Amino acid sequence: MLRLAVLAVSLLVAGTAPAFANPSDEDVQTAWRLLDYVAVDYAGAVADGKVKSPQEYAEMTEFAGAVEAKLAALPPATQKAELLSEAKAFRGMVAQKTAPNDVAKSARTLAAHLLTAYPVPLAPGKTPDLARGKALYAQNCAGCHGLSGDGHGPDAAKLNPVPVAFVDASRARERSPFALYQVIGQGLDGTAMRSFSELPSQDRWNLAFYIGRFAFPDAGKGEQLWKSDAALHGQVPNLAALAGMTPSVLGRQIGPDKADAVLGYLRAHPEAVSEAKAGSLTVAHEKLQASLAAYEAGDREAAKKLALSAYLDGFEPVEPALAARDATLMGRIETEMGNLRAAIGRGEPVSAVKDRMAVLDGLFSDAEEVLSPDAASTASTFLGAFTILLREGVEALLIVVAMIAFLRKADRGEMVRHVHVGWVAALAAGALTWAVATFFIGISGASRELTEGFGSLFAAVVLLSVGIWMHGKSQAGEWQRYINETLGKALSRSSAWFLFGLTFIVVYREVFETILFYAALTAQGNGAVILAGAVSAVVVLALIAWAMLRFSAQLPVGKFFKYSSWLIAVLAVVLAGKGVSALQEAGIIDIAPLAHTPRIPVLGLFPTWQSVGAQLLTIAVIVAGGWYNERLPRKAVAA
């Protein structure tokens, strides 16, 4: 095994690295590989201050000197003098036969400082595709290394030295996917392991991540740890960190067994890192590029689907967190995403579509900065938690309190319990939704938008009919006539289910949206601050509910119904706009942008013909219903 590594590093020292076009990049990555090799294998050369293997120790000395020479040949940089000083000290540690742990730590530190001073590509441009990696491995590697990575492939017996066993956990703990990527691109001189530099960079990353999972097959335990321990997301914050991280380094922070399981899972499912990072919009960037490629190829339908996926799979998961921190930026992105899909549907020139995507890429970059952990503050987190619950809660509260007040006015106190059962059931269903989404399955962006969309439209239709009915009862004599006809009648089963169903739908829609926002906030930490914001919002909502019930009790019946019908009519218009907008975001309804129209989500106003048209239609129905209600008393008098 040592001989294989020596041959690989010798190749690097000789400077034959066809995978890298930039000479300085080649020197940086060669130096990094030398440091990585010494950090792993120095323990095989020195122990207790004495040389264990003269041959291996001579190589360690040679490589430490080569690192210093490579760094000296790099172009000028601000940190170059410090790097050379560190390299000299590192070479001295090797010469003095310093303890392996100290040498390894020094090598890793110098390697990290090197990449800070001279950044080179250290991570894949997009999330590795393990299915592609598996196919590449079967085609190019399994013959020697075996399908299971045990080093016993059909051709292994013919080879000298024998192929590496990727299932060797002790050695795999010291290797990162980046190190594997380097070997794949450069090969191992003097062995059957040739360079695969002809493979595209992304394919070499696909292969590196697939190989890196062989030694850590218990992905189930790693998945459980990753999903249940939010602190781990800070240890592996992004794809670049995952690509350069070894289990031994992570193990010193969280424990070896835990590190093996977590990195085994993440190497097998690198997409989990992108999903977990609140500010990551990698998927959105990738989908946009794929959409542009499809559009340039003339496939408008595929381009439109990929643009929709960029929103639902790439942006929608981080939308709640962004809305909490910068609602204006979130609104701009939503609007531009809709405009892009509309432009693709209209068949605009490729240059125009490309310009729109460039604008979105810039907005995504702005969003990533806003969502970065450094951009968060205690005040912004508190305000986010407070305003989210207050905003969503008021919308549901207005309807529920209006229903309770109506039932009390009608002397139907026994019916109030059905309203209470409805909102309590909605809260319980919301808690169940949160548990399922957190611990069992994820809720896709399309599912979220469909739930919000259909829920809003259903509530709007019901509220519209209730509002018109209540307006009719506000007319002179109509309420008394209604009371005389219905007073004393028992509550029917259908009426009870109606009260329960309306309350449940209205409240669950708001609870569902609140869950999305709070899940995004919780993933960023500051649980105590979030709880404080939520409790403050609950207190304010309780005061609003008390004030509304007290005020409504003092109103004459006619005025109560008139004001309530106005309130419900406004909510119906708002929900109609929100429902259509959500279905547009889910791709169910097409988007036709409406110029010079402001975007005011709290009023359900969105700059598209469809959403504005739905609101205008709702207003027309309200006006028609009001006109009809005004005519009824006149007809009754005439009769």
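1. Start with Cys-141, which sits in the loop between α6 (130-140) and α7 (142-145). The model is a predicted one. Cys-141 has a relative accessibility of 9%, so this residue counts as buried. Leaving aside residues up to four places away in sequence, Cys-141 touches Leu-136, Gly-146 and Leu-207. Pro-163 is 22 residues away from Cys-141 in sequence, and their C-alpha atoms are 9.9 Å apart in space.

2. Now the overall picture. The protein has 29 helices and two strands. Its 639 residues include 48% that count as buried. Take the contacts with a separation of 6 or more: 73% of them join residues 24 or more positions apart.

3. Asp-48 has a phi near 55°, a positive value in a residue other than glycine. Asp-48 lies in the loop between β1 (46-47) and β2 (50-51). Its relative accessible area is 77%, so Asp-48 is exposed. Lys-97 also has a phi near 55°, again positive and again not in a glycine. This residue is in the loop between α4 (80-95) and α5. With a relative accessible area of 28%, Lys-97 is partly exposed.

4. Helix α3 covers residues 54-72. Ten of the 13 residues are buried, so α15 is largely enclosed by the rest of the structure. The buried residues are Ala-259, Asp-260, Ala-261, Val-262, Leu-263, Gly-264, Tyr-265, Leu-266, Arg-267 and Ala-268.

5. Arg-108 belongs to helix α5 (residues 100-117). What does Arg-108 touch, not counting residues up to four places away in sequence? The list is Asp-36, Ala-39, Val-40, Glu-174, Thr-246 and Val-249. Val-249 is 141 residues from Arg-108 along the chain, yet their C-alpha atoms are separated by 9.3 Å.

6. Next, a helix pair. Helix α18 (residues 300-315) packs with helix α20 (residues 327-346) at an angle of about 165°, and their axes are 8 Å apart. The cut-off for roughly antiparallel is over 145 degrees, so α18 and α20 are roughly antiparallel to each other. Their crossing is left-handed.

7. Which residues of α18 and α20 meet? From α18 come Arg-300, Ala-303, Lys-304, Ala-307, Leu-308, Ala-310, Tyr-311 and Phe-315. In α20 they meet Met-330, Ile-333, Glu-334, Met-337, Leu-340, Arg-341, Ile-344, Gly-345 and Arg-346. By class, the contact has eleven nonpolar, one polar and five charged residues.

8. Last, Ala-327, also in helix α20. Its relative accessibility is 47%, so Ala-327 counts as partly exposed. Pro-601 is 274 residues away in sequence, but the C-alpha atoms of Ala-327 and Pro-601 are 9.9 Å apart in space.

Technical notes
Residues are numbered from 1 along each chain as its sequence is written. This is a predicted model: local features need pLDDT of at least 70, side-chain atom pairs count only at pLDDT 80 or more; totals for chains, interfaces and linings use all residues. Side-chain values use heavy atoms; hydrogens and water are left out. Axes are lines fitted to C-alpha atoms, for helices over the stretch in contact, and angles run from 0 to 180 degrees between N-to-C directions. Helices (H or I, at least four residues) and strands (E, at least two) are DSSP runs, numbered from the N terminus. Angles under 35 degrees count as roughly parallel, over 145 as roughly antiparallel, 65 to 115 as roughly perpendicular and the rest as oblique. A crossing is left-handed if the near helix is turned anticlockwise from the far one by less than a right angle, and right-handed if clockwise. Contact means heavy atoms within 4.5 Å. Ala, Val, Leu, Ile, Met, Phe, Trp, Tyr, Cys and Pro count as nonpolar, Asp, Glu, Lys and Arg as charged, and the others, Gly among them, as polar. Buried means under 20% relative accessible area, exposed over 50%, partly exposed in between (1.4 Å probe, protein chains only). The expected span of a helix is 1.5 Å times one less than its number of residues.
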